[in-house]
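Welcome, and please open your viewer. We will go from stop to stop, selecting as we go.

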Amino acid sequence: MAGTFRFSFGPWNIHEGADPFGPEVRKSIPFNQKLAAYKKLGFDGVQFHDDDAVPDMNELSQKEIIREAEALKKTLDNHGLTAEFVAPRLWFDPRTIDGGYTSNCAKCREYAIERSKRTIDIARALGTRNIVLWLAREGTYIREAKDPVLAAERIAEALQTMLDYDRNIRIMIESKPNEPMDHTYIPTIGHAIAMGLMTNAPERVGCLIETAHALLANLSPSDEMGFALAHKKLWSVHLNDQNSLKFDQDLTFGAVDPRRALNQVRVLDKHDYGSSGEWVGLDVKVMRTQKDGTCMKHLEYSRKIFLKLLEISRSLDDSKINQLVAERDYEELNFYILNAMLKG
Ligand code: 3MF
Ligand code: MG
């Protein structure tokens, strides 16, 4: 089996370079100019937060939101682009300070659910059934702040409400163990898949695996992908890289550990990823030091590195690998892989 790969990213991957310690260092690139760059960089899919698609949506009525999203769909069509998914941004508004679905404040939880319904309206208008949930603030800074049982039940209730609101959508949970929270409630992909079992439509709850998020949980991204693939739940990925356990770096794919990247490409390719329309998403940050004119290279090169690793993976001799596995000569196998990478 072989994967079929087409690539996507979100407009937030081209940004002005502000970090928690300093301001913007590059000029803003207008949204339409970003869209015009996708094809040139080799990408066909766009990932959206709800307010990437409809800015200031909290100021608009449901009808106005849908109208704006329909207009955006036409713009995407004109650029020859497809919307991959829409994700509710549940971490910016003052009502989400203590979380969205798991907030201790009933009115704030209500806001999170209403906002998620608008996200679904937007997805529908953009022609995608994929809703991504990065559960940014669904967790705690101190354990005593929330009841973890109630929190899981509240997340399940939110999932159920969304699944009932539109019987065509499917939800992809993007797990992450920390940041901005000290601990989140859905830290790994196993948790994400288990959450689906608390709804009455688990077949419409799957996951998106981000390399850096798996690494922040000290797990192997390719094994996480394998686990999700075995469950038929790997519906999207956010490929990037991460240099050890620290803040979420979103480095260029393969920049730290090309072999770890090779294994991600390999598990996707060997298990037919993309054959049901799944996208290869990148979630990579521009280095703060990049200048205005060179702030999209991380996207272009992440994709190129993926394709180069794909070539290396496909050039490996499976019968030789099988023989070394049968002989349990993993030292020889180790050298075979490293040698293939170093001469590639
Ligand atoms: C956070 C992330 C986010 C999500 C995005 C869509 C900035 O660590 O990875 O990207 O991917 O919000 O869910
Ligand atoms: Mg991500």
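Start by selecting ligand 1: the space that it takes is the largest pocket. A pocket here is an open set of points on a 1 Å grid over the protein atoms alone, with protein on both sides within 12 Å along at least five of seven lines. A molecule sits in one if more than half of its atoms lie within 2 Å of the grid points. This is a predicted model, in which local features need pLDDT of at least 70 and side-chain atom pairs pLDDT 80 or more, while totals for chains, interfaces and linings use all residues. Residues are numbered from 1 along each chain as written, ligands are numbered from 1 in the order in which they are written, and side-chain values use heavy atoms, without hydrogens and water.

**The ligand's surroundings**

Next, select the residues around ligand 1, among them W12, W91, W134 and D283; each has a heavy atom within 4 Å of the ligand. By class, this shell has four nonpolar, three polar and five charged residues. In this scheme Asp, Glu, Lys and Arg are charged; Ala, Val, Leu, Ile, Met, Phe, Trp, Tyr, Cys and Pro are nonpolar; and the others, Gly among them, are polar.

Now show the side chains of three of these neighbours. A polar atom of H49 lies 2.6 Å from an oxygen atom of ligand 1. For E174 the distance to a ligand oxygen is 2.8 Å, and for K176 it is 2.9 Å. How much of ligand 1 does the protein cover? The protein covers 90% of the 350 Å² of accessible area that the ligand has on its own, by the Shrake-Rupley method with a 1.4 Å probe.

The largest pocket has a volume of about 1,400 Å³, the space filled by probe spheres set on the grid points. Of its 42 lining residues, the closest to the centre are H15, A18, D248, D250 and K285. Lining residues have an atom within 4 Å of a point.

**A last stop**

Finally, select E179 and P180: the peptide bond between them is cis, with omega near 10°.

Terms used: A polar contact is a pair of N or O atoms within 3.5 Å; within protein, one must be able to donate a hydrogen and the other to accept it, and residues adjacent in sequence count only if both atoms are side-chain atoms. On a 1 Å grid over the protein atoms alone, a cavity is a set of points where a 1.4 Å probe fits but cannot get out, and a pocket is an open set with protein on both sides within 12 Å along at least five of seven lines; lining residues have an atom within 4 Å of a point.
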